[in-house]
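Hello,

Here is the structure I promised to pass on. Please open it alongside this note, and then read on for what turned up.

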Amino acid sequence: MEFPNNLLYTKDHEWISFDDQYALIGITNFAQKELGDIVYVDIPTLNSTVNKDEVFGTVEAVKTVSDLFMPVTGKVVAVNQDIEKNPELVNEDPYGTWMIKIYVNKLGEKESLLSADAYKSLIGANAH
């Protein structure tokens, strides 16, 4: 299982990629494997400010529905239209398929996120 080092991770299995004040957010490979085949992604928070650790949407798989948690406080400025039509893209390429783009309100919250190595330890993955 891959864990890109250019991303930061949450204990709730989201990844985040920063570009100055903006960031892209998706779910990890571990999360999509645990969920199974994703059939629907619901993100009703476009143009809303969502606080760190609050729910910004849900992912529906064949057997379960899982909440998506915001890694840092920010305003949702875009939702990936591709996953609305093709939610299976998340299963096919979890790190290449972002769910939302946010304007980050509190860059300092970045410090609470996990590195790739820390995330590997959290889920019990081998460190190589």
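A term to start with: two residues touch, or are in contact, when heavy atoms of theirs lie within 4.5 Å. Keep in mind that this is a predicted model.

**Glu-109**

With that definition, take Glu-109. Leaving aside residues up to four places away in sequence, Glu-109 touches Lys-52, Val-72 and Thr-73. You will find Glu-109 in the loop between strand S9 (100–104) and helix H4 (116–123). Glu-109 is buried, yet has no salt bridge. Which side chain of opposite charge is nearest to Glu-109? That is Lys-106, 4.3 Å away. A salt bridge needs a side-chain nitrogen of Lys or Arg within 4 Å of a carboxyl oxygen.

**Thr-28**

Next, look at the loop between strand S3 (22–27) and helix H1 (29–35), where Thr-28 is found. Is Thr-28 buried or exposed? Thr-28 has a relative accessible area of 0%, so it counts as buried. The cut-off for buried is under 20%. Again not counting residues up to four places away in sequence, Thr-28 touches Tyr-9, His-13, Glu-14, Trp-15, Pro-94, Tyr-95 and Tyr-119.

**Glu-88**

Glu-88 sits in a loop too, between helix H2 (81–85) and helix H3 (89–92). Its relative accessible area is 34%, so Glu-88 is partly exposed. From Glu-88 to Leu-114 there are 26 residues in sequence. In space, the two are 26 Å apart, C-alpha to C-alpha.

**The whole chain**

Now step back. The protein chain has 4 helices and 9 strands. Along the sequence, their order is β-β-β-α-β-β-β-β-β-α-α-β-α. The radius of gyration is 14 Å, close to the 14 Å given by the globule rule for 128 residues, so the chain is as compact as a globular protein of that length. Along the principal axes, the C-alpha trace spans about 35 × 35 × 20 Å.

How much of the chain counts as buried? The figure is 41% of the 128 residues. As for contacts with a separation of 6 or more, 61% of them are between residues 24 or more positions apart.

The accessible surface comes to about 6800 Å². Carbon and sulfur atoms hold 45% of that surface. The chain carries 10 positive and 20 negative charges.

Best wishes

Notes:
Residues are numbered from 1 along each chain as its sequence is written. This is a predicted model: local features need pLDDT of at least 70, side-chain atom pairs count only at pLDDT 80 or more; totals for chains, interfaces and linings use all residues. Side-chain values use heavy atoms; hydrogens and water are left out. Helices (H or I, at least four residues) and strands (E, at least two) are DSSP runs, numbered from the N terminus. The radius of gyration is taken over C-alpha atoms; the globule rule is 2.2 Å times the number of residues to the power 0.38. Buried means under 20% relative accessible area, exposed over 50%, partly exposed in between (1.4 Å probe, protein chains only). Accessible areas come from the Shrake-Rupley method with a 1.4 Å probe; for residues, only the protein chains shown count as cover. Lys and Arg count as positive and Asp and Glu as negative; His and the chain ends are not counted. The place of a charge is taken as NZ of Lys, CZ of Arg, CG of Asp or CD of Glu.
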